[in-house]
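Subject: Handover of a structure for your review

Dear colleague,

Please find the structure below. My notes on what was found in it follow.

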Amino acid sequence: LNRRLAEFGTTIFAEMSALAVSTGSINLGQGFPDTDGPEEIREAAVRALRDGRGNQYPPGPGIPELRTAIAAHQQRRYGLVYDPDSEVLVTAGATEAIAASLLALVEPGDEVVALEPYYDSYAASIAMAGGRRVPVTLRPHEGSFRLDLDELRAAVTDRTRLLLVNTPHNPTGTVLTRAELTAIAELAVERDLLVVTDEVYEHLVFDDAGHLPLAAFPGMRERTVSIGSAGKTFSFTGWKVGWVTGSPDLVRAVRAVKQFLTYVSSGPFQYAVAEALALPDAYFEEFRRSMRERRDILAEGLTAAGFEVFRPAGTYFITTDIRPLGEKDGFAFCRALPERAGVVAIPNAVFYDDREAGAPFVRFAFCKREEVLREAAERLRGM
Ligand code: PMP
Ligand code: GLN
């Protein structure tokens with residue numbers, strides 16, 4: 001592995017999912033649902049496959065039906081108007097969208113300010129682009145992890161090119177408030193920064209106010225690349241359909257990179273996701289309601305087992321503090337947990353540059369059937 005990537009070995013998700021399989025544990029580590037997305041959308045994929053739609057290379061930017069559906073979704077949900085031809089790009093999941101955006105927009109040596117803890121592919125993608133990551137740490141405050149706006153401002157220097165934002169936030173479950181997003185937007189405008197915002201959990205915000213897309217804030221539309229994913233919104237993580245929306249210049253740049261990473265991907269699935277994005281509001285409401293119920297089941301179970309629980313406002317993850325259990329090293333705790341309790345979780349330290357700061361935190365995914373969550377909680381209580 002070259003020097004840029006030497007610090008990145010196997011991702012924690014692969015390591016922990018393998019551990020779940022080899023020990024027969026309940027896997028609350030890697031975030032994937034144990035129930036597939038809607039039957040009618042799976043049928044739509046089968047129809048596309050049978051009818052010979054998407055079995056050969058689809059168009060580079062994505063099929064027109066899907067780009068139109070993405071634009072319609074952004075308009076219907078957020079009042080954001082994007083031209084499907086010049087302002088929308090289909091990617092191989094959000095993962096490629098993140099990598100292609102950073103490779104397209106960051107010059108070697110540029111600083112990229114990212115919230116810490118950060119989703120692990122951010123650090124690797126910044127490194128691939130030759131950028132320098134500058135973490136701004138979210139810290140526990142009255143039951144959730146919050147952004148210190150002064151720290152954020154102080155992190156921006158003359159070498160900062162880009163802010164990499166994630167809301168709802170993996171792994172903390174924090175949803176940035178309107179005031180926090182306003183401050184981020186003001187800073188981006190004042191310092192003339194580009195913004196890449198990972199909003200793959202946009203449909204998993206549990207209070208009724210719903211998701212606030214950063215691109216909708218004043219001055220942001222022209223400087224923001226927004227990222228979404230059918231894996232998260234429709235529970236098809238294996239299909240690898242993601243997307244980017246943004247101004248024509250930014251989307252053209254991301255597309256220039258994407259064509260040499262994968263060129264195209266997910267042919268027949270693109271047709272199915274186009275149909276999924278047009279599902280009635282009832283689908284999205286039910287998805288959110290059922291995930292909120294599961295959040296509550298797992299949050300109560302973890303509390304009863306002695307964890308300090310940071311009840312998430314969004315995503316399908318719960319971050320906990322293990323210190324009330326007399327533990328302080330999340331890595332050691334997660335490596336021992338399959339033997340102790342038959343449950344797999346993720347040590348948040350892998351999402352930190354400052355591993356010490358992340359050490360006592362452990363993440364559990366709740367995108368699982370209720371009986372699975374109850375069984376996991378039972379096992380944890382008994383350990
Ligand atoms: N961003 C975040 C914050 C995520 O949690 C994930 C998936 N775990 C991704 C991006 C990747 O999404 P995809 O599976 O669409 O590549
Ligand atoms: N995004 C998922 C998580 O945070 C995992 C995705 C992956 O395995 N790369 O758990």
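Where is the place of P117? P117 sits in the loop between β3 and α5, where helices (H or I, at least four residues) and strands (E, at least two) are DSSP runs, numbered from the N terminus. The peptide bond that joins E116 and P117 is cis, with omega at about 0 degrees.

Two conventions apply to these notes. This is a predicted model, in which local features need pLDDT of at least 70 and side-chain atom pairs count only at pLDDT 80 or more, while totals for chains, interfaces and linings use all residues. Residues are numbered from 1 along each chain as its sequence is written, and chains are lettered from A and ligands numbered from 1 in the order in which they are written.

The seven-stranded sheet

Seven strands make up an open sheet with mixed pairing, in the order β2-β10-β9-β8-β7-β3-β4; two strands pair if DSSP finds at least two bridges between them. Because β2 and β4 stand at the edges with a single partner strand each, one side of each is left without a neighbour in the sheet. From one strand to the next, the twist averages 20 degrees; axes are lines fitted to C-alpha atoms, for helices over the stretch in contact, and angles run from 0 to 180 degrees between N-to-C directions.

By contrast, β7 and β8 run parallel and are joined by five bridges, with V195 in β8 as the bridge partner of L163.

Strand β8 (residues 194–198) is largely enclosed by the rest of the structure, because five of its five residues are buried. A residue is buried if 20 or more other C-beta atoms lie within 10 Å of its own, exposed if 12 or fewer, and partly exposed in between, with C-beta atoms placed from the backbone. Both faces of β8 are covered, by the same criterion: L194, V196 and D198 are buried on one side, and V195 and T197 on the other.

Helices packed around this sheet

Helix α3 (residues 64–78) has 15 residues and reaches 21 Å from its first C-alpha to its last. This is close to the 21 Å expected at 1.5 Å a residue, the expected span being 1.5 Å times one less than the number of residues. Its buried residues are L66, R67, A69, I70, A71, H73 and Q74, and they pack against β2 (88–91), β10 (242–245) and α10 (267–277); two residues are in contact if their C-beta atoms, placed from the backbone, lie within 7 Å. Just after α3, G79 takes a positive phi of about 70 degrees.

In helix α5 (residues 120–128), the residues S121, Y122, A123, S125 and I126 are buried. The buried residues of α5 pack against α4 (93–105), β3 (111–116), β4 (132–137) and β7 (160–166).

The four-stranded sheet

Four strands form an open antiparallel sheet in the order β11-β12-β15-β14. Its edge strands, β11 (308–310) and β14 (346–347), each pair on one side only. Helix α11 (residues 281–304) packs on the sheet, touching β11, β12 and β15 (361–365), and its direction makes about 15 degrees with that of β12. Three bridges join the antiparallel strands β11 and β12, and T320 in β12 is the bridge partner of V309.

Ligand surroundings

The shell around ligand 1 holds 13 residues, of which G93, A94, T95, N170 and S229 come nearest; a residue is near a molecule or strand if its C-beta atom, placed from the backbone, lies within 6 Å of it. The largest share of this shell, three residues, comes from α4. Around ligand 2 are T11, F13, Q30, G31 and N170.

N170 also takes part in a cis peptide bond with P171, with omega at about 15 degrees. P171 is found in the loop between β7 and α7 (178–190).

Backbone points to inspect

E142, although not a glycine, has a positive phi of about 50 degrees. E142 lies in the loop between β5 (139–141) and β6 (144–146) and counts as exposed, with 5 C-beta neighbours inside 10 Å. D192 also has a positive phi of about 50 degrees and is not a glycine; D192 is found in the loop between α7 and β8.

With kind regards
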